[in-house]
Amino acid sequence: MADTATDARWMGAALALAERGRGRTAPNPAVGCIIIRDDKIVGRGWTQPGGRPHAEAMALAEAGGAARGATAYVTLEPCAHVSSRGPACADGLIAAGIARVVIAHGDLDPRTNGAGIARLEAAGIAVASGVRRDEAARTLAGFLARQRLGRPFVTLKLGLSLDGCIALASGESRWITGPAARAHAHLERARADLIIVGRGTLDADRPRLDVRLPGLEARSPVRAVLGHGGAPDGWIGLDSPAAIAGTDALDVMVEGGAGAAAAFLSADLVDRLLIYRAPILIGGGKPGLADIGLVHLEDAHNRWRRHDARMLGIDRLEVYERVRE
């Protein structure tokens, strides 16, 4: 009988590996895989930039012959379809002689949905699924949003004073939050593959929107501007929030300003809020949000669920997830 605690522990390691690929694997999901034999790691893998090799292929290559009779922990159901870019991972696990596969989340891609598990079981491989599923869903949020909603997963980041301002009335905004909060925001940038600001923010601040954490500079996302008037060289122009569906992105981060934030909220395209709140009062400054079209106060309730809250230096981070059926 499987040890539930052991499965959860090793799946945690696979989830950590999956995080290494976030923001770099589109159009493929960021998946992690770890292969265990005799309670020792014999192979590790995560989806590589551009989507190939897949996590399972990378882990199997490292494990070699030690994969026979081993257990594979994978954060997403192994793919069952062969593409021009590579073989099916379910077939690779079977050919390697894997004895058991533990899966965190099913693959909603209709080419695999359930077929990967069925193929493994037909080959005599024991399969357990749903281990740390909720955590995997957050790592896979962009891929799952593409499958369910036909668009990327959208995170809105707001750096606010206690009274909800993003800048002085003059427009001065550097810096509302402290260095720890700003570093965390850069880590979030590194997990996105597209970052968006509004036309007003672009013209006023000329933001770089890159990742400035040591060792992660190459993880800077593609930059986009929301609004009319063309985009700078190397940027993408979006004429509406809905235009994100036509990009290749899986995870989108909206960084401001108040108009862009309101536009995405009005269109109900925000799935996650990152609110960095500094212990300062501005008074009469620029509000963090423009009008989002609410007519009745009751419509504002029951839309957001707090997922996390923590201190980052002197600032407080609160993370909220959109409540959807």
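Guide: T112 is buried, because its relative accessibility is 1%, and buried means under 20% relative accessible area, exposed over 50%, and partly exposed in between, with a 1.4 Å probe and protein chains only. The model is predicted, so to speak of a local feature takes pLDDT of at least 70 and side-chain atom pairs count only at pLDDT 80 or more, while totals for chains, interfaces and linings use all residues. Residues are numbered from 1 along each chain as its sequence is written, and side-chain values use heavy atoms, leaving out hydrogens and water.

T112 sits in the loop between β4 (100–105) and α4 (115–122). Helices (H or I, at least four residues) and strands (E, at least two) are DSSP runs, numbered from the N terminus. Beyond its neighbours within four places in sequence, T112 contacts E77, P78, C79, A80, H81 and D107. Contact means heavy atoms within 4.5 Å.

P78 is also touched by E56. UniProt, in an unreviewed entry, lists E56 under "active site". UniProt positions follow the numbering used here, feature names are shortened, and annotations may be inferred rather than shown by experiment. E56 belongs to helix α2 (residues 55–63). With a relative accessible area of 4%, E56 is buried. Apart from residues up to four places away in sequence, E56 touches C33, V74, L76, P78, C89 and L93.

Now the second annotated set. Under "binding site", the unreviewed UniProt entry lists S173, R189, L209, R212 and E255.

Take R212. It lies in the loop between α8 (199–205) and β9 (222–226). R212 is partly exposed, because its relative accessibility is 37%. Not counting residues up to four places away in sequence, R212 touches H186 and R189.

R189 also meets E255: the two side chains make a polar contact (2.7 Å). Such a contact is a pair of N or O atoms within 3.5 Å; within protein, one must be able to donate a hydrogen and the other to accept it, and residues adjacent in sequence count only if both atoms are side-chain atoms. E255 is buried at 15% relative accessibility. Its contacts beyond four places in sequence are K157, R189, I195, I196, V197 and L209.

E255 lies in strand β11 (residues 251–256). Strand β11 is part of an open, mixed sheet of eight strands, ordered β10-β9-β8-β11-β6-β12-β15-β14. At the edges stand β10 (235–238) and β14 (304–312); each has a single partner strand, so one side of each has no neighbour in the sheet. Two strands pair if DSSP finds at least two bridges between them. β12 (residues 272–277) and β15 (residues 315–322) pair antiparallel over six bridges. L273 has Y320 in β15 as its bridge partner.

Helix α9 (residues 258–266) packs on this sheet, touching β6 (153–160), β8 (194–198), β9, β11 and β14. The direction of α9 makes about 140 degrees with that of β6. Axes are lines fitted to C-alpha atoms, for helices over the stretch in contact, and angles run from 0 to 180 degrees between N-to-C directions. The buried residues of α9 are A258, A260, A261, A262, F264 and L265. After α9 comes D268, with a positive phi near 55 degrees.
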